[in-house]
Amino acid sequence: MKIEFAATLPVADALVIPVQKNGLDTAIGGRSGQEVLAAAAAAARFEGEAGAIAEAFVGADGAVNRVLLLGIGDGSETDWERAGGAVTARLLTNAISAAIDLSAVQPSPAAVGRFAAALAQRAWRIDTYRTKLPEKQKPTFAEATIVGAPDGAEAAWQHNFAVTGGLDLTRTLVAEPPNVVYPETFVERVLASVDGLGLEVTVLGPDEMRELGMGALLGVAQGSAREGRLLALKWSGKGAGDPDLALVGKGVTFDTGGISLKPGPGMEDMKWDMGGAGAVVGAMKALASRKAKANVIGVCGLVENMPDGNAIRPGDILTSMSGQTIEVLNTDAEGRLVLCDCVTWVQRTHHPKAIVDLATLTGAMIISLGNEHAGVFANDDALADQLLAAGRASGDLLWRFPMTDAYNKLIDSPIADMKNVGPRGAGSITAAQFIGRFVENGVKWAHLDIAGMVWADKAGNTYDKGATGFGVRLLDRFVADNYEG
Ligand code: BES
Ligand code: MN
Ligand code: ZN
């Protein structure tokens with residue numbers, strides 16, 4: 001989507017007039033077609049609620065103009081975001097261009113940035129595999145011109161434009177089928193997408209990982225015909241040196257459960273079990289695209305979890321890169337096995353002060369929080385608070401869970417240092433405790449369980465149903481607010 005800022009209204013397929021809640025008279029008063037607009041609003045029972053739209057065709061000088069009255073609620077940033085997404089949802093397949101007239105409503109620069117971002121982000125979809133899509137269902141909406149924006153709005157959009165590029169990458173990786181995106185091709189896709197942005201790339205294959213002793217990650221990978229990979233993208237926007245922050249993502253490109261095989265119905269969902277890794281690469285792309293003044297490394301553990309003659313068994317004991325041993329009681333608790341070696345690798349090789357990992361780690365997370373918040377687990381209150389604040393500011397919402405020694409004990413093993421599953425209760429917490437055992441003293445760490453957030457059955461403000469790109473806006477906001485000072 002091309003978004004432009006202009007001083008005067010261009011000719012466009014649709015003119016968009018924002019309307020505050022109960023502000024209809026102010027918004028349309030004195031405009032040509034005022035009576036038609038008022039009638040259209042009445043017929044649609046339009047009251048300016050955020051995201052509501054009333055449409056009318058207004059005659060002027062022999063021409064007919066399509067006008068959208070667009071509800072912006074009380075004009076909060078979130079309301080503007082909802083409004084932007086609603087415009088794109090409405091025009092996606094039936095207009096090419098829109099002009100948005102902000103002159104009467106005076107939003108803040110940040111609100112316009114959010115609005116523009118939602119316009120662009122709501123347009124993403126994947127039609128690659130639809131060979132019979134009727135012409136009239138193909139997206140057409142490609143150009144929005146914003147008129148009357150305040151100073152600073154365009155800069156806010158430029159920031160969000162970079163984030164949108166990252167989001168698109170994440171969503172594509174998440175939505176692609178698992179026979180197309182697997183560890184090797186995940187890496188290829190990412191490298192093609194971030195080429196020229198100045199990220200320092202490291203890719204480890206099975207031989208290198210074996211050399212490093214990454215027995216936990218490799219244990220998961222060994223049941224698959226596809227090789228595992230570790231992908232690291234380092235952004236040094238503050239100058240040379242170790243990164244202050246490491247982002248670590250679970251990249252299970254397909255999770256059958258392994259020998260502890262998942263039931264058939266719904267198993268196809270497990271193509272998005274790489275959503276954590278997807279968010280990490282999307283965020284890294286966003287940071288590099290906007291040249292963030294921060295030093296951050298993104299690490300993805302990429303494997304496919306398959307049942308096979310060579311797959312790990314329940315009862316197997318794996319030795320992780322940290323040296324700690326793990327009794328595998330359930331091969332479907334594979335995410336933590338992948339993450340623990342990535343966490344050790346990034347600490348040993350890059351010495352970050354803080355680590356945030358993202359993973360579609362547990363079904364239990366969806367039982368706790370549904371599809372409204374991701375869970376946050378942390379060994380540091382300040383870090384948790386920073387993430388919670390970034391969540392509220394970005395719209396990628398988080399909710400904190402406890403971590404204690406009592407939970408940690410639940411994964412002690414009678415034969416190894418730990419087992420990879422705890423009892424039935426508190427499944428998301430014991431999963432977090434497991435990863436926590438690999439975090440070295442003095443390193444601040446937070447784990448985000450995003451199992452309920454990566455994929456949506458219904459459209460949201462900034463996404464259609466399907467891949468949401470959860471985590472990209474959150475991580476970008478978190479870095480902007482805490483690492484670029
Ligand atoms: N990838 C799944 C978690 C998941 C389930 C994410 C459903 C999204 C939707 C993870 O690898 C898994 O299988 N976890 C197990 C852990 C259990 C065996 C302790 C689970 O949640 O059932
Ligand atoms: Mn699993
Ligand atoms: Zn999984």
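1. The side chain of Ser413 reaches the backbone nitrogen of Ala416 at 3.0 Å. Another polar contact, at 2.7 Å, links the side chains of Ser413 and Glu327. A polar contact here is a pair of N or O atoms within 3.5 Å; within protein, one must be able to donate a hydrogen and the other to accept it, and residues adjacent in sequence count only if both atoms are side-chain atoms.

2. Before going on, a word on what you are looking at. This is a predicted model, where local features need pLDDT of at least 70 and side-chain atom pairs count only at pLDDT 80 or more, while totals for chains, interfaces and linings use all residues. Residues are numbered from 1 along each chain as its sequence is written, chains are lettered from A and ligands numbered from 1 in the order in which they are written, and side-chain values use heavy atoms, with hydrogens and water left out.

3. Where does Ser413 sit? Look in the loop between helix H13 (405-409) and strand E16 (418-419); helices (H or I, at least four residues) and strands (E, at least two) are DSSP runs, numbered from the N terminus. Ser413 counts as buried because its relative accessible area is 13%, and buried means under 20%, exposed over 50% and partly exposed in between (1.4 Å probe, protein chains only). Leaving aside residues up to four places away in sequence, Ser413 touches Glu327, Met418 and Lys419, where contact means heavy atoms within 4.5 Å.

4. Now turn to ligand 1. It is surrounded by 17 residues, the closest being Lys262, Asp273, Asp332, Glu334 and Gly363; a residue belongs here if one of its heavy atoms lies within 4 Å. The shell divides into six nonpolar, four polar and seven charged residues. Ala, Val, Leu, Ile, Met, Phe, Trp, Tyr, Cys and Pro count as nonpolar, Asp, Glu, Lys and Arg as charged, and the others, Gly among them, as polar. Strand E9 (245-255) and helix H11 (363-369) each give at least two residues to this shell.

5. Which atoms meet the ligand? Polar side-chain atoms of two lysines lie by its oxygen atoms: Lys262 at 2.8 Å and Lys250 at 3.1 Å. A backbone N or O atom of Thr360 is 3.3 Å from a nitrogen atom of ligand 1. Taken alone, ligand 1 exposes 510 Å², and the protein buries 77% of that (areas by the Shrake-Rupley method with a 1.4 Å probe; for residues, only the protein chains shown count as cover).

6. The buried residues of H6 are Pro183, Thr185, Phe186, Val187, Val190 and Val194. They pack against several elements, including helix H5 (153-175) and strand E8 (229-236). Just after H6, Gly196 takes a positive phi of about 85°.

7. Gln347 lies in helix H10 (residues 335-350). Is Gln347 buried or exposed? Gln347 is buried, because its relative accessible area is 3%. Its side chain reaches the backbone oxygen of Phe438 at 2.8 Å.

8. Finally, find Gly241 in the loop between E8 and E9. Gly241 is partly exposed, with a relative accessible area of 35%. The C-alpha atoms of Gly241 and His351 are separated by 10.0 Å, though the two are 110 residues apart along the chain.
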